[in-house]
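Hi,

Here is the structure I said I would pass on.

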Amino acid sequence: MTPTEIKTNDRTTTPATTVRPNTATPRLNFAKAAPKAFRAVIGLDAAAREGLDPALVELVQIRASHLNRCAYCLHMHTTDARKAGESEERLHMVAVWREADHFFTDRERSALALTDAVTRIGDAGVPDEVYDRAAAHFTEEELAHLLALIFTINTWNRIALSTAKRAGTDER
């Protein structure tokens with residue numbers, strides 16, 4: 001089997017089209033190639049964070065990055081969370097937050113559930129019970145900012161994955 005193939009069962013292989021190897025060469029520099037679009041995403045990101053707890057912001061960004069398999073963003077946001085004082089214990093539990101719900105507050109769990117639903121929106125949309133649970137823990141303004149944050153991290157994940165950004169190469 002070559003590095004560009006994946007095993008799909010005991011007899012066949014198909015070209016790997018969904019996951020690039022970690023050794024992929026970065027593609028274009030999105031910030032330089034589309035500076036106006038890049039600045040617009042930065043503006044949305046900054047506006048989305050307003051009024052939200054910084055620890056919650058990082059948990060949401062980490063969770064979406066897990067779901068989207070974005071190593072670049074996952075590395076960046078776990079690093080930022082550690083610098084902000086987040087515990088290693090909780091960082092390790094974000095990926096399995098449903099099974100380790102006692103590590104997170106009700107408010108955080110509702111935000112993580114909403115992150116899962118919005119990030120995987122193509123699977124089942126955003127179920128009413130997930131939205132209602134988040135709405136019970138956040139004011140309307142906070143909920144709008146939380147949604148904007150989830151939209152933004154999904155955009156950043158897509159930029160990083162599409163341009164083959166490598167984890168650990170954050171230029172900030």
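Below is what came out of going through the model.

Some ground rules: this is a predicted model, where local features need pLDDT of at least 70, side-chain atom pairs count only at pLDDT 80 or more, and totals for chains, interfaces and linings use all residues. Residues are numbered from 1 along each chain as its sequence is written, and side-chain values use heavy atoms, with hydrogens and water left out.

The overall picture

The protein chain has 9 helices and 2 strands (DSSP runs numbered from the N terminus: H or I of at least four residues for helices, E of at least two for strands). Reading from the N terminus, the order is β-β-α-α-α-α-α-α-α-α-α. Of the 172 residues, 37% are buried (under 20% relative accessible area; exposed is over 50%, partly exposed in between, with a 1.4 Å probe and protein chains only). The chain exposes about 10200 Å², with carbon and sulfur atoms supplying 55% of that (Shrake-Rupley areas, 1.4 Å probe). If you take contacts (heavy atoms within 4.5 Å) between residues at least 6 apart in sequence, 64% join residues at least 24 apart.

Cores

In soluble globular proteins, nonpolar side chains tend to be buried together. The largest nonpolar core here has 27 residues, and V60, L114, L146 and L149 have the most contacts inside it. (A core is a set of buried Ala, Val, Leu, Ile, Met, Phe, Trp, Tyr and Cys residues joined through side-chain atoms within 4.5 Å.) Two or more residues come from each of α3 (54-67), α6 (106-119), α8 (128-137) and α9. What does V60 touch, leaving aside its neighbours within four places in sequence? A111, T115, L146, L149 and I150.

Helix pairs

α2 (residues 35-49) and α9 (residues 140-162) have axes that come within 8 Å and cross at roughly 145°. (Axes are lines fitted to C-alpha atoms, for helices over the stretch in contact, and angles run from 0 to 180 degrees between N-to-C directions.) That crossing is left-handed, meaning the near helix is turned anticlockwise from the far one by less than a right angle; clockwise is right-handed. On the α2 side the contact includes F38, V41 and I42, and on the α9 side it includes L149, W156 and I159. The residues of this contact split into 10 nonpolar, 3 polar and 2 charged (nonpolar: Ala, Val, Leu, Ile, Met, Phe, Trp, Tyr, Cys and Pro; charged: Asp, Glu, Lys and Arg; polar: the others, Gly among them).

α3 and α6 pack at about 35° with their axes 9 Å apart, in a right-handed crossing. V60 turns up here too, among the α3 residues that meet α6. This contact divides into 7 nonpolar, 2 polar and 3 charged residues.

R69, in the loop between α3 and α4, has a phi near 60°, a positive value in a residue other than glycine. A164, in the segment after α9, also has a phi near 60°. Buried or exposed, for A164? A164 is buried at 8% relative accessibility, whereas R69 is exposed at 59%.

G85 sits in the loop between α4 (71-83) and α5 (88-93) and is exposed, with a relative accessible area of 60%. G85 and A55 are 30 residues apart in sequence and 8.5 Å apart in space, C-alpha to C-alpha.

Cheers
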